Amino acid sequence: MKQPKRDLQALEDDHDASFSDLFPFAAEENSNPLSENFYSREEILQLLKQNEQSQESLEYTFSQHHIVLKQRPSQVIGSRIWCSAKLLCEWLVAQPPSLFQNNSFVDIGCGIGLCGILTAMLGARRVVLTDLPDVLPIALDNASINNVSERVSTLALQWGCPLDPTHEAALLADFGFDVLIGSDLIYFSELVRPLIDCLLRLFSLHQRLPSHAARPLKFYFCQAERCWVPLATYLDVAKQYFLFDEISPPEWGGEYHLWVVSERPDVPIPADPEALEALARTIEVPLIEHRAYAHPQQQLPHRDGEGER
Ligand SMILES: C[S@@+](CC[C@H](N)C(=O)[O-])C[C@H]1O[C@@H](n2cnc3c(N)ncnc32)[C@H](O)[C@@H]1O
């Protein structure tokens with residue numbers, strides 16, 4: 001049933017508003033799995049405000065690079081921009097041209113494609129934007145809007161699923177891939193195991209490239225802290241398979257992280273498919289109880305001026 005027009009301010013002022021007072025409004029606007037297991041009152045209010053203020057088109061400038069992006073904030077999680085993507089872009093644009101020139105990038109969980117599109121503008125030889133199939137058309141449109149379609153393609157890549165020959169061909173084509181990037185990929189505990197699995201498969205695939213020994217694969221990964229995600233626990237699991245070097249600028253204040261993720265010298269990731277499957281089966285991620293609807297005073301940590309969480 002269509003809800004009456006909400007008064008956001010009244011809802012915000014009403015600290016006795018229950019989850020079910022807020023939820024219908026959120027559910028109406030957002031097809032994401034809004035449930036009281038995942039979202040606090042603050043977060044729901046924030047999402048509602050974001051949707052109310054959101055535009056179909058966004059513009060960003062990183063150094064001299066101007067990017068225009070379409071978004072669909074009321075659709076799936078990937079069809080809006082997230083703060084970590086902007087932070088990763090700020091970091092990318094400050095890097096030397098050698099990071100991009102002659103290198104091919106794969107953007108994991110690209111969403112609407114901001115980071116991948118920027119790497120193309122910064123000189124990447126080729127960029128593969130990957131995400132769930134529903135999200136990719138908007139990312140592809142954004143590549144076109146920003147005139148980088150020639151070097152940017154999309155690939156449906158669902159974490160936790162084996163790479164099929166189509167994936168392998170797309171990723172290994174044209175001298176393969178050199179750098180992985182990703183922003184804001186962990187927001188539910190259920191995503192961690194598939195994400196580690198996907199990374200293992202990409203690192204394993206990279207070994208087939210002649211360039212592998214001279215230029216091992218690196219993954220630049222920017223991630224927000226969220227009060228319902230025990231990131232440190234997940235990091236401990238992921239560190240069994242990969243090295244994580246934190247390179248976050250101090251001004252991020254611990255609320256956002258940027259890691260360079262690489263292969264551990266003492267735990268080689270096998271190229272052999274059977275050995276890889278055996279390694280992937282060892283990934284054990286504790287599935288946490290998502291915290292219940294936190295009402296009413298629990299505040300999310302946030303950066304001043306940033307609405308996206
Ligand atoms: C919070 S969004 C971040 C999007 C973008 N990187 C950004 O920072 O703006 C998380 C992204 O991960 C993608 N994602 C979630 N689960 C996935 C899965 N199992 N396989 C592939 N992508 C997934 C979502 O579709 C979404 O685009």
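Colour the protein chain by pLDDT: in this predicted model the mean is 83, and 74% of the residues reach 70 or more. Select residues 1-5, where pLDDT stays under 50 and the model has three contacts beyond four places in sequence. Then select residues 23-37, again with pLDDT below 50; this stretch has 28 contacts in the model beyond near neighbours in sequence. Where pLDDT is low, the predicted coordinates should not be read in detail.

Now show the whole chain as a cartoon. The protein chain has 10 helices and nine strands. Of its 309 residues, 36% count as buried. Among contacts with a separation of 6 or more, 68% join residues 24 or more positions apart.

**The sheet**

Select the strands in the order β5-β4-β3-β6-β7-β9-β8, which gives an open sheet of seven strands with mixed pairing.

**Helix α5**

Select residues 114-121. How many residues of helix α5 are buried? Eight of the eight are, so the helix is largely enclosed by the rest of the structure. Stepping through α5, the buried residues are Leu114, Cys115, Gly116, Ile117, Leu118, Thr119, Ala120 and Met121. An α-helix has 3.6 residues a turn, so residues three or four places apart point the same way. Burial in α5 takes in eight of eight residues. After the helix comes Gly123, with a positive phi near 115 degrees.

**Two loops with positive phi**

Go to Asn102, in the loop between α4 (83-93) and β3 (104-108). Its phi is near 65 degrees, a positive value in a residue other than glycine. Is Asn102 buried or exposed? Asn102 counts as exposed because it has 12 C-beta neighbours inside 10 Å, and the cut-off for exposed is 12 or fewer.

Move on to Asp174, in the loop between α7 (165-172) and β6 (179-183). Asp174 is another residue other than glycine with a positive phi, here near 55 degrees. With 11 C-beta neighbours inside 10 Å, Asp174 counts as exposed.

**A buried loop residue**

Select Leu217, which lies in the loop between α8 (192-206) and β7 (218-224). Leu217 is buried because 24 other C-beta atoms lie within 10 Å. Which residues does Leu217 touch, not counting those up to four places away in sequence? Display Leu180, Phe203 and His206 to see these contacts. Then draw a C-alpha to C-alpha distance from Leu217 to Ser262: the two are 45 residues apart in sequence and 6.5 Å apart in space.

**The ligand**

The ligand is surrounded by 20 residues, and the closest are Gly78, Ala85, Gly109, Gly111 and Ser183. Colour this shell by class to find 12 nonpolar, six polar and two charged residues.

Methods:
Residues numbered from 1 in each chain as written. Predicted model: local features only at pLDDT ≥ 70, side-chain atom pairs only at ≥ 80, totals over all residues. Near = placed C-beta within 6 Å. Nonpolar A, V, L, I, M, F, W, Y, C, P; charged D, E, K, R; others polar. pLDDT = per-residue confidence, 0-100. Contact = placed C-beta atoms within 7 Å. Helix = DSSP H or I, 4+ residues; strand = E, 2+ residues; numbered from the N terminus. Buried ≥ 20, exposed ≤ 12 C-beta atoms within 10 Å, placed from the backbone. Pairing = 2+ DSSP bridges.
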